[in-house]
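Let's take a walk through this model together. Have the sequence and the structure open as you read.

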Amino acid sequence: MSPIESLNHLRERGLLPDEQAKIIADIEAKRPFSLHWELRSVLYIGILLLSSGLGLLIYENYDSLGHLTILGGISVLCAGAYAYAFRVRPPWSPGLVQSASPFGDYALVLGCLLFLSLIGYAQYEYTVFGTRYGLVTFVPAVLFLALAYRFDHRGVLGMGLTALMAWVGVTVRPLDLYIKTNFFDERVIYSALALSGAVLGAAWLLQRRGIKPHFTFTYLLVVGNLLLVALLAGLFNLEPMRFVFAVLLMGACALFDWYARQEQSLLFGLMAAVYGFIGLSYLFFTYTNPGFYSSTFYLLATGVGLVVYLLAYRRR
Amino acid sequence: MRAYNSIHVQNRALRQQADRWQREGLIQPDQREAIRQAFPVPFRESNVFAELGSFVFTVLAVGGAYAFVLLLINGIIDNKAAFAGFNGLVSLVLVFLLHTFIREAQFYRNGPDNALVVMAASFLVTAVNIALPDSAALWLRCLVSVPVLLAFAIYYGEVIVAFMALASFFASFFTGFLEFDWGRMALPFMLMVVSLLLKWVLNNVQSRLTEADQTYFADALSMGEWVCLIVLAAAGNYFVVRELNGLLADVPAGQARPEVAPQIALPALFWVLTFLIPAIYAYLGLTRKNRMYVILGALGLAGATSTVRYYFPLLPLSIHLTLIGTLLIGTAAMAIRYLRQPRFGFTDVPDGESPRQFFLNSELLSVMQATGTTINRQPDMKFGGGDFGGGGAGRDY
């Protein structure tokens with residue numbers, strides 16, 4: 001329904017004085033067309049393309065004279081991006097800060113992506129960290145997390161968390177719905193659990209202290225998924241500990257459910273439902289050896305149950 | 001005849017408009033309250049994640065129930081008429097269930113009702129297709145599905161069923177034309193003509209609908225427009241036409257399909273269309289201030305550029321990406337600076353309708369994606385997370 005049609009309805013019912021309706025109609029007619037998000041998207045895609053292009057470029061032309069020039073150029077660009085972001089940095093505050101400059105946030109992302117390429121190449125070509133391979137991901141992780149807090153940037157926070165997960169051996173590419181690691185390896189599962197436990201604990205403490213409480217959403221979205229995936233992996237693959245993982249998974253789902261109700265953020269309720277369902281189904285099909293009848297009935301019953309669960313959120 | 005009360009649907013749109021005006025300070029809070037009183041919306045409120053989840057779990061539950069009943073009457077699959085009847089009956093039961101939900105629980109596109117519409121339509125389409133003789137061609141099967149799906153789309157105004165109707169319509173054309181020897185050559189032109197015609201029909205229908213119906217069908221009609229314009233641009237795109245043509249070509253027995261899709265007829269025409277159609281979209285978007293055309297124009301031009309790069313890779317990928325990236329950053333930055341003041345009716349100030357949360361989340365996901373990709377780019381995986389699993393990551397730090 002167009003704004004003018006809405007205005008007519010309101011006027012017919014005497015809910016809006018003619019004078020005011022006229023003003024609103026006038027504003028609607030002259031309202032400029034906002035290209036805000038379209039332009040931001042183009043800017044973002046440009047940054048992603050530029051940084052991946054430069055990232056690839058680093059590994060080409062090894063022996064040519066131009067190679068050092070390329071490296072130097074990328075380093076200068078990276079430093080320049082950081083410097084620009086710092087120059088227009090928002091004031092520090094533990095709360096939500098609006099960035100003052102339209103480009104500061106984007107320069108920061110560009111700087112971080114280029115830094116990641118450079119540090120990876122430095123290790124690849126010059127082994128700057130020696131055999132301490134973990135530092136290649138740990139150093140950027142720490143840097144990005146610090147920058148995320150200083151600049152109040154949820155994207156950089158996500159980058160830091162991704163690097164942190166890579167540090168414990170988990171590769172995540174959310175757009176491909178890709179999470180790769182050796183979840184048959186006990187040590188990886190426990191590292192992932194320890195990391196997600198520590199990070200979520202820290203996030204909870206920071207939220208209670210009122211330091212960037214709006215970051216909690218990102219923490220739970222990124223690291224919460226890691227936690228639940230790792231618990232499922234333990235449930236599937238570490239048979240002797242299966243019962244413990246089942247209990248932990250249930251506990252985690254209950255916590256997500258509690259948080260979803262607390263914050264009225266249904267995404268986490270959905271996560272609890274989906275992961276809980278997968279875990280429960282695994283246990284059901286592994287231990288009860290159901291026939292066709294009970295399998296299909298199980299799907300019917302759990303499906304209905306979960307629909308009721310998800311719809312019940314409204315009634316609070 | 002509408003499944004949902006179209007007055008309430010209209011009231012809902014009115015309320016959303018009033019909420020927006022109140023956020024912008026154009027109406028007073030008490031005025032908004034009076035509007036809410038005057039235009040009741042008894043529908044159940046829900047949240048996008050609850051809708052998503054309950055859609056999926058409803059499909060699961062219905063699937064489980066269907067399989068359960070099928071087990072009880074085991075032999076029915078062998079009897080075509082009986083099995084078709086069974087699927088029709090399932091569809092009927094689902095429709096009954098759906099209407100009970102709409103009537104008793106005030107459902108309005110909350111997830112479970114969407115799922116029931118989609119599944120009821122799907123089971124009816126299944127029933128019709130089982131009833132058709134086994135020799136029926138695919139294009140015929142798609143074509144007879146169209147009226148069934150369309151009926152559901154018109155009654156419920158549901159966007160997924162509307163999409164299914166549209167998809168079967170195009171699929172019917174697509175597979176139908178391939179029955180003829182000349183069909184493969186004519187296919188791109190026919191698809192262009194059909195999508196243009198359909199777009200014209202949809203616009204005509206829209207302008208003739210009552211105000212309440214325009215709101216009722218807003219999502220479905222807008223989806224239809226998007227699909228028509230995407231099909232039109234794709235059918236004119238050189239890459240799509242050449243590669244699809246290569247895939248659909250009959251390969252003589254005993255020969256392998258050529259690695260590179262062969263050149264198509266009228267290449268110059270398709271190269272022109274590759275750029276012309278998105279350029280027209282972009283022009284329409286900017287002159288008519290239409291977001292759909294702006295977005296499709298931008299995406300189409302990006303696709304056209306990639307098409308050129310695919311057939312004429314003049315530069316290595318790294319340099320190509322670097323240049324395109326720089327170009328995009330430069331364009332966007334200039335436009336953002338230029339539009340600080342509204343000019344020619346455009347502005348950089350976000351409007352109230354902007355999907356801020358959606359944008360923040362896609363931003364988060366895309367930078368995480370870039371991070372994950374960059375970390376794994378090192379040619380040999382010296383640290384954990386590589387192709388050999390993350391086993392090595394537990395040491396050395």
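## Two domains of chain A

The C-alpha centres of domain 1 and domain 2 of chain A lie 33 Å apart. Domain 1 covers 36–167 and domain 2 covers 195–316, with bounds from an automatic or database domain assignment. Where they touch, 10 residues come from domain 1 of chain A and 10 residues from domain 2 of chain A; two residues are in contact if their C-beta atoms, placed from the backbone, lie within 7 Å. On the domain 1 side, helix 7 (residues 154–167) of chain A gives the most, with six residues. Helices here are DSSP runs (H or I, at least four residues), numbered from the N terminus.

This is a predicted model, where local features need pLDDT of at least 70 and side-chain atom pairs count only at pLDDT 80 or more, while totals for chains, interfaces and linings use all residues. Residues are numbered from 1 along each chain as its sequence is written, and chains are lettered from A and ligands numbered from 1 in the order in which they are written.

## The nonpolar core

The largest nonpolar core has 182 residues. Such a core is a set of buried Ala, Val, Leu, Ile, Met, Phe, Trp, Tyr and Cys residues joined through C-beta atoms within 7 Å; buried means that 20 or more other C-beta atoms lie within 10 Å of a residue's own. Both domains of chain A give residues to this core, so it lies between them.

Among the residues with the most contacts inside the core are A:Cys112 and B:Val161. Beyond its neighbours within four places in sequence, A:Cys112 is in contact with A:Phe144, A:Leu147, A:Val156 and A:Met159.

## Helix 5

In helix 5 of chain A, 17 of the 23 residues are buried, so this helix is largely enclosed by the rest of the structure. Just after helix 5 of chain A, A:Thr127 takes a positive phi of about 40°.

Notes
Buried ≥ 20, exposed ≤ 12 C-beta atoms within 10 Å, placed from the backbone. Helix = DSSP H or I, 4+ residues; strand = E, 2+ residues; numbered from the N terminus.
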